[in-house]
Number of protein chains: 2
Amino acid sequence: MDTYQQVADFIHQERLLQPGQRLVAGVSGGPDSLCLLDCLNRLGYQIIVAHLDHQLRPESAEEATFVQRVAQTYGVLAVIDRWDKGATVGPGSSIEEVARLARYRFLVQVAKENGVELIATGHTADDQVETILMHFLRGAGPSGLRGMLPSTSLNSWVGIPDSTEITLVRPLLDTTREQTQAHCIAIDLEPRLDPSNLDQTYTRNRLRHHLIPILESYNPGVRQVIRRTGRVMAGEAELVATLVADRWPELVRRGGEGVFVIRVKPFLEQPTALQRALLREVISRLRRTLRDVGFEAVERAIHFITIPQRGRRQALVGELELIHFSDEVVVREPDAPIEYPNLPQLISDRRRRLSIPGRIRLAYDWYLEATIEPLNSVRRGELMNESSPRVVAVDEISIDTPLAIRPGKPGDRIRPLGMGGSIKVSDLLINQHIPQPARARWPLVVCGEHILWVVGLRMSNDFRLNNKTKRAIVLHLRDPKDEE
Amino acid sequence: MDTYQQVADFIHQERLLQPGQRLVAGVSGGPDSLCLLDCLNRLGYQIIVAHLDHQLRPESAEEATFVQRVAQTYGVLAVIDRWDKGATVGPGSSIEEVARLARYRFLVQVAKENGVELIATGHTADDQVETILMHFLRGAGPSGLRGMLPSTSLNSWVGIPDSTEITLVRPLLDTTREQTQAHCIAIDLEPRLDPSNLDQTYTRNRLRHHLIPILESYNPGVRQVIRRTGRVMAGEAELVATLVADRWPELVRRGGEGVFVIRVKPFLEQPTALQRALLREVISRLRRTLRDVGFEAVERAIHFITIPQRGRRQALVGELELIHFSDEVVVREPDAPIEYPNLPQLISDRRRRLSIPGRIRLAYDWYLEATIEPLNSVRRGELMNESSPRVVAVDEISIDTPLAIRPGKPGDRIRPLGMGGSIKVSDLLINQHIPQPARARWPLVVCGEHILWVVGLRMSNDFRLNNKTKRAIVLHLRDPKDEE
């Protein structure tokens with residue numbers, strides 16, 4: 001029987017299963033899943049049959065009994081459960097979608113209870129055609145038009161913690177529904193045809209019984225053609241995914257829990273298709289379960305990124321928020337703090353005393369260190385070197401009150417060394433291209449209310465070494481690498 | 001009237017036209033092309049109206065007169081011509097396709113006669129939807145699903161020599177048919193509605209009047225959705241084109257007139273989508289006018305490339321041929337000679353005398369040079385250096401007959417210097433990874449029928465310098481760069 005060979009070839013070609021592997025098979029009792037059960041059994045896999053009685057139709061109990069009986073004839077375990085729809089269907093979800101999710105959750109539960117990491121379903125080539133067509137009518141890029149994958153991780157959208165990887169395989173994806181039906185006849189199994197297949201109010205069934213026959217009047221080979229488009233698009237999606245993975249480190253960084261940061265300039269240099277894919281990837285990492293991210297949302301986000309305007313905000317999707325900081329655009333969960341591990345940042349807004357000598361810890365393992373040095377050693381060293389703004393030396397005598405660190409506040413000004421006049425600290429930070437959230441936590445070393453050092457950037461002229469200086473206070477900003 | 005603004009915005013956004021530019025507008029007399037004419041006129045472009053009377057329907061002559069009259073009211077030149085279908089419709093082409101090509105050829109002709117390089121047509125957003133849908137039903141990758149481009153070169157498929165670049169622009173591609181009709185009413189022009197629009201036997205019109213309304217019952221916004229898919233796919237196609245251009249020099253080289261050579265190993269390392277696109281690009285460079293290259297043809301070619309077997313051949317499309325040479329796969333016109341400008345190759349199969357001293361020209365500006373040197377200078381130089389196989393020195397005394405160059409022939413053997421025993425020349429070339437077509441034209445230096453040097457690879461032990469050598473014959477292979 002060449003269905004066996006065809007399924008075996010497909011499993012081999014797509015590397016779906018190892019010989020004799022244990023798996024859970026979702027069996028509804030229709031021709032596709034019965035064909036799946038029979039083929040997997042014949043090909044020597046160890047099957048656990050799983051059937052969820054949706055109780056949406058009167059005959060569903062009988063179907064459950066039927067599946068149980070068939071499993072017995074194969075001598076394999078069958079796990080049957082009933083689904084209580086009342087408990088889970090909220091407003092705004094279609095019963096189809098909710099039932100589908102419940103079914104997958106059930107399959108995952110059966111797999112976990114039996115220590116199995118593989119689930120097989122009976123999706124056929126015709127299901128594939130319908131899926132692709134549905135995505136086409138709904139509007140989709142390559143990842144929608146490729147349809148269902150032969151093998152995919154269930155973790156993301158069923159919401160399984162990442163520790164157990166559960167994989168869904170579709171061994172019949174290259175087999176037509178006509179073939180599964182013929183196979184059932186040949187092995188003398190009478191499928192319980194799911195009557196909802198004939199109910200044209202469901203989109204998928206309308207496609208199956210109404211639209212596809214019409215499309216076949218335009219092109220008799222349209223099913224084949226749509227499957228081919230799926231294969232081409234799978235290749236495209238793979239290509240784009242490769243490129244996204246390739247460019248990701250250069251273009252995007254994590255900015256803390258629930259935060260990603262996009263580097264504007266290199267992002268805008270990418271081709272549009274890659275910009276779209278990168279944004280979708282960012283969204284998908286923040287919102288694993290969000291399935292349909294609209295085209296317009298992505299286009300609006302790209303448009304948002306192209307127009308720099310500091311501090312501008314815009315809603316993205318799923319409550320995610322975009323914030324523009326000129327050089328960078330932040331994508332984040334509402335109110336998630338944005339982290340800058342590569343910049344000196346205060347741990348809290350609190351003012352803290354800096355002892356001399358002494359050291360004070362900043363965020364992400366940065367440190368600020370204060371020492372006292374005789375003037376000679378300071379003069380001899382590279383401490384005055386303007387190109388090393390991480391170290392400053394100030395006149396000990398000018399320090400009349402204990403030093404402290406604190407964030408900036410409105411009205412803060414400094415008279416920077418080597419510049420005429422005074423400047424607002426906030427302007428100084430902006431001029432140095434420090435992103436706004438990082439400015440809010442930028443450490444200032446103060447002497448009383450007098451700003452001595454905008455850490456790592458500029459020290460005040462008022463504290464500079466002079467002819468009368470005997471000893472210097474040396475302040476040293478150390479990054480995490482200095483500590484290693 | 002905001003159609004003007006919308007069209008102006010689209011022209012600006014897609015950079016279709018320069019202000020006041022001269023162009024040829026194809027005007028059928030239907031609402032779309034009248035709207036085009038009116039908008040382009042209002043926006044200040046210098047228009048030449050072109051109308052081809054297809055003579056496919058009785059009322060076509062009246063339409064031609066109508067277009068002439070409208071052009072007059074705008075005070076612009078109109079070029080009207082009649083098409084004699086009998087002369088050009090061959091068997092196997094649809095009248096639609098032939099008429100379409102004739103129309104574009106006519107537009108190009110009008111453009112050339114008037115020294116204009118731009119042609120505008122009235123394709124609307126609805127035409128775009130139909131085109132994309134048609135491609136979807138026929139099976140297409142991103143470049144098909146993106147639909148018509150706002151701007152495209154006409155040279156390739158109309159078959160214009162590359163010297164004059166003629167560009168086709170579609171300023172109404174973002175305007176719906178409903179809008180063009182409303183526009184015509186607003187400016188009080190009564191379009192001649194092309195009655196073939198109502199003829200449902202033509203695929204496009206069946207799509208328009210039958211299929212799209214059905215699709216709208218699935219998704220009322222389906223037109224919008226399909227246009228969006230087109231935009232996404234345009235981005236994908238652009239991305240892939242960038243990658244193809246990027247990888248091309250590494251993966252493909254010209255191998256002469258009508259020949260491209262694909263480097264197998266790096267080709268197979270590319271993602272499938274890129275392999276497909278690279279092959280399509282090779283095909284399109286060899287067959288400019290070939291429009292629909294089937295999916296299966298490309299898949300078969302990729303499969304062919306994956307399985308190395310020296311000298312194997314396979315038909316591609318449009319009479320193109322694939323030949324496998326293990327490291328390289330050749331795509332060529334039937335019988336086109338394969339060139340290897342980077343290898344020493346004979347100009348002809350003829351045996352030619354090599355004078356001493358003297359030089360002989362090889363293909364692609366390579367040269368072979370013979371000189372006589374006293375032994376001292378030879379010994380002192382680097383001529384004996386095995387790592388420079390482009391120069392060999394042989395004992396003058398051993399040359400008992402004049403030297404000649406010729407290609408290899410069956411049975412040729414050599415006893416290579418530094419190796420025990422003799423080896424077939426053909427095996428030596430194979431071992432050195434010389435592709436088969438290059439082997440057939442590989443120069444051998446012979447002394448009578450005794451092979452002295454497989455040029456650039458191995459010399460014979462029988463002619464080596466020895467204790468009794470007084471003078472040496474030095475043979476030098478020079479590549480084109482040596483000559484500069």
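In which sense do strand β4 and strand β6 of chain A pair, and over how many bridges? They pair in the parallel sense over three bridges, with β4 covering residues 118–120 and β6 covering residues 167–169. This is a predicted model, in which local features need pLDDT of at least 70, side-chain atom pairs count only at pLDDT 80 or more, and totals for chains, interfaces and linings use all residues. Residues are numbered from 1 along each chain as its sequence is written, chains are lettered from A and ligands numbered from 1 in the order in which they are written, and side-chain values use heavy atoms, with hydrogens and water left out.

**View 1. The six-stranded open sheet of chain A.** The strand order is β3-β2-β1-β4-β6-β5, and the pairing is mixed. Two strands pair if DSSP finds at least two bridges between them; strands (E, at least two residues) and helices (H or I, at least four) are DSSP runs, numbered from the N terminus. In chain A, β3 (77–82) and β5 (151–153) stand at the edges with a single partner strand each, so one side of each has no neighbour in the sheet. From one strand to the next, the twist averages 25°.

View 2. Contact means heavy atoms within 4.5 Å. Helix α5 (residues 95–113) of chain A lies across β1 (22–26), β2, β3, β4 and β6 of chain A, at about 145° to β2(A).

**View 3. Helices α6 and α10 of chain A.** Helix α6 (residues 125–138) and helix α10 (residues 203–218) of chain A pack at about 90°, with their axes 10 Å apart. The two helices α6(A) and α10(A) are therefore roughly perpendicular, a word used for angles of 65 to 115 degrees. Residues of α6(A) in the contact include Leu133(A) and Leu137(A), and those of α10(A) include Leu207(A) and Leu211(A). By class, the contact has eight nonpolar, two polar and four charged residues. Here Ala, Val, Leu, Ile, Met, Phe, Trp, Tyr, Cys and Pro count as nonpolar, Asp, Glu, Lys and Arg as charged, and the others, Gly among them, as polar.

**View 4. The interface of chains A and B.** In the interface, 40 residues of chain A are in contact with 40 residues of chain B. The chains bury about 3700 Å² between them, 69% of it on carbon and sulfur atoms. Buried area is the accessible area (1.4 Å probe) that two parts lose on being put together, summed over both. Phe136(A), Leu137(A) and Tyr218(A) supply 20% of the area that chain A buries against chain B.

**View 5. The four-stranded open sheet of chain B.** The order is β13-β14-β22-β15, with antiparallel pairing. Strands β13 (358–361) and β15 (391–395) of chain B are the edge strands, each pairing on one side only. Eight bridges join β14 (residues 367–374) to β22 (residues 471–478) of chain B. Pro374(B) has Arg471(B) as its bridge partner in β22(B). Five residues lie between β13(B) and β14(B) in a hairpin, and Tyr364(B) in its turn has a positive phi of about 50°.

Terms used
Axes are lines fitted to C-alpha atoms, for helices over the stretch in contact, and angles run from 0 to 180 degrees between N-to-C directions. Angles under 35 degrees count as roughly parallel, over 145 as roughly antiparallel, 65 to 115 as roughly perpendicular and the rest as oblique.
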